[in-house]
Amino acid sequence: MKTIHEQFERGDKPVILLAEDDPDQSDSLREVLESEGYTVETVFSGDMALRRLSTNSYAAAIMDARMPGLHGGTVLKVCRVGSPKISTPIIMVSAFASPRDLDQFKKDGAVASFTKPLDFAEVMKCVRQLVDGNPATEHSVKIE
């Protein structure tokens with residue numbers, strides 16, 4: 001398994017894990033990420049996301065809250081409190097999250113949370129900050 005730093009040193013594109021069960025959302029976000037120069041690995045369930053996060057290094061992960069199998073929020077919690085802890089920065093996205101849910105994602109260790117429909121420019125700004133080594137700053141789009 002190559003670390004993120006090994007990928008960058010070799011000149012490889014940063015790899016983003018995209019965990020999204022909706023094919024339209026997945027395809028749209030993958031296309032935007034790839035157009036910005038990222039390599040994207042896509043999974044369609046929380047179980048598969050947890051397996052990939054446990055065995056591979058990623059520059060960041062974008063995870064839908066509601067997916068088949070494990071809920072994205074559960075995957076987030078397992079990553080942050082499991083043994084060993086998984087430190088991949090995780091951005092949570094959801095079409096059904098309340099402001100309280102978004103706050104809980106942050107408390108559970110998400111670096112950012114966004115509601116759908118996604119503002120791709122905002123998501124990409126967050127991803128770029130993470131990949132460049134700058135911590136995400138209060139990226140949380142609330143439902144009004």
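Reader: How close do the axes of helix 2 and helix 6 come, and at what angle do they cross?

Author: Axes here are lines fitted to C-alpha atoms, for helices over the stretch in contact, with angles from 0 to 180 degrees between N-to-C directions. Helices (H or I, at least four residues) and strands (E, at least two) are DSSP runs, numbered from the N terminus. In this predicted model, helix 2 (residues 23-35) and helix 6 (residues 120-131) have axes that come within 11 Å and cross at roughly 50°. Angles under 35 degrees count as roughly parallel, over 145 as roughly antiparallel, 65 to 115 as roughly perpendicular and the rest as oblique, so helix 2 and helix 6 are oblique to each other.

Reader: Which residues make that contact?

Author: Contact means heavy atoms within 4.5 Å. Helix 2 brings S28, L29, V32 and L33, and helix 6 answers with F120, V123, M124 and V127. By class, that's seven nonpolar, one polar and no charged residues; Ala, Val, Leu, Ile, Met, Phe, Trp, Tyr, Cys and Pro count as nonpolar, Asp, Glu, Lys and Arg as charged, and the others, Gly among them, as polar.

Reader: And what about helix 3 and helix 4: how do their axes sit?

Author: They come within 9 Å and cross at roughly 25°, which makes helix 3 roughly parallel to helix 4. G46, L50 and L53 in helix 3 meet V75, V78 and C79 in helix 4.

Reader: Which residues of helix 4 are buried?

Author: First the general idea: an α-helix has 3.6 residues a turn, so residues three or four places apart point the same way. Buried means under 20% relative accessible area, exposed over 50%, partly exposed in between (1.4 Å probe, protein chains only). In helix 4 (residues 72-81), the buried ones are G72, G73, V75, L76, C79 and R80. They cover an arc of only 160° around the axis (taken from the directions from the helix axis to the C-beta atoms), which puts them on the same side of helix 4. Their cover includes helix 3 (46-55), strand 3 (60-64), strand 4 (90-94) and helix 5 (99-107).

Reader: Where are the cis peptide bonds?

Author: Most peptide bonds are trans. Here, S83 to P84 is cis, with omega near 0°, and so is K116 to P117. P84 lies in the loop between helix 4 and strand 4, while P117 lies in the loop between strand 5 (112-115) and helix 6.

Reader: Is P84 buried or exposed?

Author: Exposed, with a relative accessible area of 68%.

Technical notes:
Residues numbered from 1 in each chain as written. Predicted model: local features only at pLDDT ≥ 70, side-chain atom pairs only at ≥ 80, totals over all residues. Heavy atoms only, no water.
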